[in-house]
Amino acid sequence: MFERKDILQAILIADAHNDNLQPFTSTKPLALLPIANVPLIDYALETLSRNGVEEVFVYCSYHTDRVKRHIQLRQVTRCTWSINMKVSI
C-alpha cells in the first residue's frame, strides 16, 4: 500500500535583469549580492527550508551560470537549507 505525501513547493525568483541596482548587478546577479557577507539567495532558501518547503524551483534569467554554481557549491558543502530541500534551477 502506498501512502500519498504532499510536498510543499516554492518558486523563488532569484534574478531579473533590470537597472535598479546598477552598477552592483552589472557583474554579479542580484541573488548573489551579499547582506552581512551572506548572499540574498541563501537567506531566502534558509527561510523556505525552516518553514517546511521541501522543493524549490529557482527562476533566474541573468547570470544563470553563477547562480547555478553557487547553489551547487552550497549543496556540496551541505549548508543547512540543502539538507532537507531539493533545489532545481
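UniProt lists residues 20-79 as "domain: Nucleotidyl transferase", in an unreviewed entry. In the predicted model described here, the chain over residues 20-79 is 40% helix and 17% strand, and the end C-alpha atoms of that range are 30 Å apart.

**Overall architecture**

The secondary structure of the protein consists of two helices and five strands, which follow one another along the sequence in the pattern β-β-β-α-β-α-β. Along its principal axes, the C-alpha trace spans about 55 × 25 × 20 Å. Of the contacts with a separation of 6 or more, 71% are accounted for by residues 24 or more positions apart. Buried residues make up 33% of the 89 residues, while the accessible surface comes to about 6,300 Å², with 56% of it belonging to carbon and sulfur atoms.

**Helix α1 and its cover**

Helix α1, residues 40-50, has as its buried residues I41, D42, L45, E46 and S49. These residues lie on the same side of α1, because they cover an arc of only 130° around the axis. An α-helix has 3.6 residues a turn, so residues three or four places apart point the same way. The cover over the buried residues of α1 includes strands β1 (9-15), β3 (38-39), β4 (55-60) and β5 (86-88), together with helix α2 (64-76). Just after α1, G52 takes a positive phi of about 90°.

Most residues other than glycine have a negative phi, and most peptide bonds are trans. Against that background, two residues deserve attention. A36, a residue other than glycine, has a positive phi near 55°, and N37, which is not a glycine either, has a positive phi of about 65°. A36 is found in the loop between β2 (34-35) and β3, and N37 likewise lies in the loop between β2 and β3. With a relative accessible area of 65%, A36 is exposed, and N37 counts as exposed at 76% relative accessibility.

V87 has its place in strand β5, whereas I89 is found in the segment after β5. Leaving aside neighbours within four places in sequence, V87 is in contact with L45, V56, V58, I71, Q75 and W81; one of these, L45, is among the buried residues of α1. The C-alpha atoms of V87 and E54 are separated by 8.5 Å, although the two residues are 33 residues apart along the chain. V87 counts as buried because its relative accessibility of 12% falls under the 20% cut-off.

For I89, the contacts beyond four places in sequence are with V58, T64, V67, K68 and I71. I89 and L12 are 77 residues apart along the chain, and their C-alpha atoms are separated by 9.5 Å. At 40% relative accessibility, I89 counts as partly exposed.

| Residue | Relative accessibility | Class |
|---|---|---|
| A36 | 65% | exposed |
| N37 | 76% | exposed |
| V87 | 12% | buried |
| I89 | 40% | partly exposed |

Methods
Residues numbered from 1 in each chain as written. Predicted model: local features only at pLDDT ≥ 70, side-chain atom pairs only at ≥ 80, totals over all residues. Heavy atoms only, no water. Helix = DSSP H or I, 4+ residues; strand = E, 2+ residues; numbered from the N terminus. Buried < 20%, exposed > 50% of the residue type's maximum accessible area, 1.4 Å probe, protein only. Contact = heavy atoms within 4.5 Å. Areas by Shrake-Rupley, 256 points an atom, 1.4 Å probe, with all protein chains shown as cover. UniProt positions renumbered as here; feature names shortened; annotations may be inferred. Arc of directions from axis to C-beta.
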